[in-house]
Amino acid sequence: MSKILIVDDEEMIREMIRKYVLHEGYEAVTAKDGLEAIELCRKNDFDVIIMDIMMPGVDGYKAYQRICEFREIPCIFLSALSQEEDRIYGFDVGADDYVTKPFSPKELMMRIKVILKRRENVTEKIVIDGLVIDEQARVVTVDGKPLSLSLKEYELLLYLVKNRGIAMRREDILSKVWDYDYYSDDRTLDTHIKLLRKALGDYAKYITTLRGVGYRFEKDS
């Protein structure tokens, strides 16, 4: 049974999410602030963290950064902060998804399902010049140095690389990588592309923007 950690300083929100998580058949654990979340993660392993950002004391950003020092757990940030820079910072911290308040609990459950579904074992290694993707270990290296990518950044890179040389439409990328209708908020794709290009450094040149269409990962020469 998958175990979900719900972190929010508002009891009503914690309880609402907990009921939906239990209804989906998952185990639910709650924390009222960032410090409690950190301590829970030290003693337990979770499959997904749902983390509010604006909390007293240690905020969600700092709490998740602390957790990432000793565990690798996918995280969905919850926040009333909806500006692009807030979303970019959330993904830059390492979040796999970012949900703005007010939100639909049913949609949140769908996002959890997507993360759980895509944590699968694979065996292939893909090599493009100095860029190496080890699917079994879920590790990406550039010139021998490992990249720190969120789960969604990794999956986006893998999808583009596996379809390199092909013009990929925005809606197809969103459907395949996110697994559900994200069309109403496709800024998420652009945000992840920006973060991916930043992480790839010199290899960002392989990702070409196709205006009015989407993106293409160029074939290695």
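The axes of helix α6 (residues 151-162) and helix α8 (residues 187-200) come within 10 Å and cross at roughly 85°. Therefore α6 is roughly perpendicular to α8 (65 to 115 degrees; under 35 is roughly parallel, over 145 roughly antiparallel, and the rest oblique). The model is predicted: local features need pLDDT of at least 70, side-chain atom pairs count only at pLDDT 80 or more, and totals for chains, interfaces and linings use all residues. Residues are numbered from 1 along each chain as its sequence is written, and side-chain values use heavy atoms, without hydrogens and water.

**Helices α6 and α8**
- Lys 152, Glu 153, Leu 156, Leu 157 and Leu 160 in α6 are in contact (heavy atoms within 4.5 Å) with residues of α8 including Leu 189, His 192 and Ile 193.

**Helices α2 and α3**
- Helix α2 (residues 34-43) packs against helix α3 (residues 60-68) at an angle of about 15°, with the axes 9 Å apart.
- The two helices, α2 and α3, are therefore roughly parallel to each other.
- From α2, Gly 34, Ala 37, Ile 38 and Cys 41 meet Ala 63, Arg 66 and Ile 67 of α3.
- That contact of α2 with α3 has five nonpolar, one polar and one charged residues by class.

**The sheet**
- Three strands form an open sheet in the order β10-β12-β11, with antiparallel pairing (strands pair if DSSP finds at least two bridges between them).
- Its edge strands, β10 (168-169) and β11 (207-210), each pair on one side only.
- Four bridges join β11 and strand β12 (residues 214-217) in the antiparallel sense.
- Thr 208 has Arg 216 in β12 as its bridge partner.

Terms used
Axes fitted to C-alpha atoms, helices over the stretch in contact; angles between N-to-C directions. Nonpolar A, V, L, I, M, F, W, Y, C, P; charged D, E, K, R; others polar.
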